[in-house]
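Work through these questions with the model open beside you.

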Amino acid sequence: RWRAIIEMLRHLEPPILEARYLEVGCGSGEGLARVAQAGLGLTSIVGIDLLIESETLVTSRLVKAALACADCTALPFPAESFDVTVQSLVLTSILPAEARRQAARELVRVTRRGGHIVSLDLRYPNPASSARASLGPRRLQALFPDLQPVRSNTHVLLPPVVRLLGRFPAACDLLGRIPFLRTYHLAAFRS
C-alpha cells in the first residue's frame, strides 16, 4: 500500500517539492521511512499516533522525522501547518461516525489551503471483523465535502478472492486488474 501512496504523492499537482508532510496514524513508522526514502524533496516529516512504539522511535531517528503522541480528533498543530497530510486506514479504524468526521475536519484544518490530503481506506466491510468501517469513494468524499478530489484509484485484490484462487497466480493477477474487486480506495484531495 505504501508503494501506491508514494506513487500518488509523486503525481500530485502542484508537485510536493519542499513540502511539510504529516502522516496521521504512523504506527510502526514504516510509512515515515518509505516516504523519507522516496526522494520526494520534503522539507519536514512528522508522524502522529495514539501510541508511539520503540520501533517507531528508532525509525523516526533514522529518517529524521518528528513524532507526536496525539489523538487525530484533536491534532496538536496550528491551522495550515502542513502541505501534505496522509492517513492510511486511520479513518477506517474510527467506528463512531462523529469521531470519524472530527478526525477528517482536523486533517483539513492542519493542511494549508492548496495543499493535499491523501487517504487510503477499506472499500468494503470485512465480514470477519467489525473493527473497521468501509469508506468507499462516496463516504470518503462526504468526509471532505469542501475539498476537490484530484486523484482516485483502487488497490489489492479482495482477500476472499485471493484465498479462493491463491494457487492460480495468473488468475489473481487478471482479476486484480478489475477495480471493483480491489480492497483499498486511495484518494487525493486538494484543500
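Q: Is Cys-72 buried or exposed?
A: Buried means under 20% relative accessible area, exposed means over 50%, and partly exposed lies in between (1.4 Å probe, protein chains only). Cys-72 has a relative accessible area of 11%. That value makes Cys-72 buried.

Q: What kind of model is this?
A: Residues are numbered from 1 along each chain as its sequence is written, and side-chain values use heavy atoms, with hydrogens and water left out. Local features need pLDDT of at least 70, side-chain atom pairs count only at pLDDT 80 or more, totals for chains, interfaces and linings use all residues, and the model is predicted.

Q: How many disulfides does the count give?
A: A disulfide is a pair of cysteine sulfur atoms within 2.5 Å. Cysteine pairs are counted by that rule. The count is zero.

Q: Which cysteine has the sulfur nearest to that of Cys-26?
A: Cys-26 is buried, at 4% relative accessibility. Cys-26 is in no disulfide. The nearest cysteine sulfur is 9.3 Å away and belongs to Cys-69.

Q: How far from Cys-72 is the nearest cysteine sulfur?
A: Cys-72 is in no disulfide either. The nearest cysteine sulfur is that of Cys-26. The distance is 12 Å.

Q: How many aromatic pairs are there?
A: Rings of Phe, Tyr and Trp (its six-membered ring) pair if their centres lie within 6.5 Å; planes under 30 degrees apart count as stacked, over 60 as edge-to-face and the rest as tilted. By this rule the number of aromatic pairs is two.

Q: What is the geometry of the pair Phe-77 and Phe-82?
A: The ring centres of Phe-77 and Phe-82 are 5.0 Å apart. Phe-77 is buried at 17% relative accessible area, and Phe-82 is buried at 4%. The planes of the two rings stand at 90°, so the pair is edge-to-face.

Q: What is the geometry of the aromatic pair Phe-144 and Phe-189?
A: Both Phe-144 and Phe-189 are buried. Their rings are 5.1 Å apart, centre to centre. The planes make 40°, and the pair is tilted.

Q: How many residues apart are Phe-144 and Phe-189?
A: Helices (H or I, at least four residues) and strands (E, at least two) are DSSP runs, numbered from the N terminus. Phe-144 sits in the loop between α6 (137-143) and β6 (148-157). Phe-189 belongs to strand β7 (residues 182-190), and the pair links distant parts of the chain. The separation is 45 residues.

Q: Which strands are the edge strands of the open sheet of seven strands?
A: Two strands pair if DSSP finds at least two bridges between them. The order is β3-β2-β1-β4-β5-β7-β6, with mixed pairing. Each edge strand pairs on one side only: β3 (66-69) and β6.

Q: By what angle are neighbouring strands of this sheet turned on average?
A: Axes are lines fitted to C-alpha atoms, for helices over the stretch in contact, and angles run from 0 to 180 degrees between N-to-C directions. For the average between neighbouring strands, direction is ignored. The value is 15°.

Q: In which sense do β6 and β7 pair?
A: The two strands share eight bridges. Thr-154 stands opposite His-185 in β7. The sense of β6 with β7 is antiparallel.

Q: What angle does α5 make with β5?
A: Contact means heavy atoms within 4.5 Å. Helix α5 (residues 97-110) packs on the sheet and touches β1, β4 and β5. Its direction makes with that of β5 an angle of about 145°.

Q: How far apart are the closest N and O atoms of Glu-98 and Arg-105?
A: Glu-98 is partly exposed at 41% relative accessibility, and Arg-105 is partly exposed at 40%. Glu-98 also forms a salt bridge with Arg-101, at 3.1 Å. For Glu-98 and Arg-105 the distance is 2.6 Å.

Key
Salt bridge = Lys/Arg side-chain N within 4 Å of Asp/Glu carboxyl O.
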